[in-house]
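Thanks for coming. I will go through one chain today, one part at a time. Please keep the picture open while I talk.

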Amino acid sequence: MTTYLPAKNGIKRIWHELDASQHSLGRLASKAALLLRGKHKAIFTPHMDVGDFVVVTNAKNVKITGRKKTQKKYFRFSGYPGGITSTTLKEKLEKKPEDVVRIAVRGMLAPNRLRRLIMRRLKVVASDKHNFPIDKTL
């Protein structure tokens, strides 16, 4: 048996739109990661980038369950002693809701060389209006 390898020029990339106000953060991130990676396609190959484009709208209205808004924290480190800063999910949603979705989707992807290429195809918008061409709505 031979393994099927799709040709790079034979990969069709479709634009999908996900509405963040209809999903919880984790389920939205896992669905977006699946579409970005291309696992929904019959030609999926683990070592190739065969995924589609994903536009996430209404990032500011993403559903958060439980007490995560106050308990979940995001950490940054500047590299200097005492340079660690933390931000709660509530503060991050007020300032940059796009980053909350982007970080969640990034965490759902494998930490390999393809992750940076895959993340380039993720477009996150805080409102429901955008200028991206949509082929298919989920």
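A strand here is a DSSP run of E with at least two residues, and strands are numbered from the N terminus. Keep in mind that this is a predicted model.

With that, take the largest pocket. Which strand or helix gives the largest share of its lining? That is β3, with three residues. The lining as a whole consists of Y74, F75, R76, T85, T87, K92, K95, K96, D99 and I103. At least two lining residues come from each of β3 (73–77), β4 (84–88), α3 (89–95) and α4. As for volume, the pocket has about 160 Å³.

Next is the helix α1. How far apart are its end C-alpha atoms? They are 18 Å apart, and since 13 residues at 1.5 Å a residue should span 18 Å, the two values agree.

Which residues of α1 are buried? They are L25, L28, A29, A32, A33, L35 and L36. Looking down the axis of α1, these buried residues fall within an arc of 165°, so they line one face of the helix.

The buried residues of α1 are covered by elements including β1 (15–19), β2, α4, α5 and β5 (122–124). After α1 comes G38, and its phi is positive, near 95°.

Now two loop residues. T45 sits in the loop between α1 (25–37) and β2 (53–57). Is T45 buried or exposed? T45 is buried, because its relative accessible area is 5% and the cut-off for buried is under 20%. Leaving out residues up to four places away in sequence, T45 touches Y4, L5, P6 and V50. The T45 side chain also reaches the backbone oxygen of I43, at 3.2 Å.

The other one is A110, in the loop between α4 (97–108) and α5 (114–119). Its relative accessible area is 38%, so A110 counts as partly exposed. That class covers what lies between under 20%, which is buried, and over 50%, which is exposed.

T85 is among the residues that line the largest pocket. A110 and T85 are 25 residues apart along the chain, and their C-alpha atoms are separated by 26 Å.

That is the end of my part.

Definitions and conventions
Residues are numbered from 1 along each chain as its sequence is written. This is a predicted model: local features need pLDDT of at least 70, side-chain atom pairs count only at pLDDT 80 or more; totals for chains, interfaces and linings use all residues. Side-chain values use heavy atoms; hydrogens and water are left out. Helices (H or I, at least four residues) and strands (E, at least two) are DSSP runs, numbered from the N terminus. Buried means under 20% relative accessible area, exposed over 50%, partly exposed in between (1.4 Å probe, protein chains only). A polar contact is a pair of N or O atoms within 3.5 Å; within protein, one must be able to donate a hydrogen and the other to accept it, and residues adjacent in sequence count only if both atoms are side-chain atoms. Contact means heavy atoms within 4.5 Å. The expected span of a helix is 1.5 Å times one less than its number of residues. The arc is that of the directions from the helix axis to the C-beta atoms. On a 1 Å grid over the protein atoms alone, a cavity is a set of points where a 1.4 Å probe fits but cannot get out, and a pocket is an open set with protein on both sides within 12 Å along at least five of seven lines; lining residues have an atom within 4 Å of a point. Grid points are joined across faces, edges and corners, and a volume is the space filled by probe spheres set on the points.
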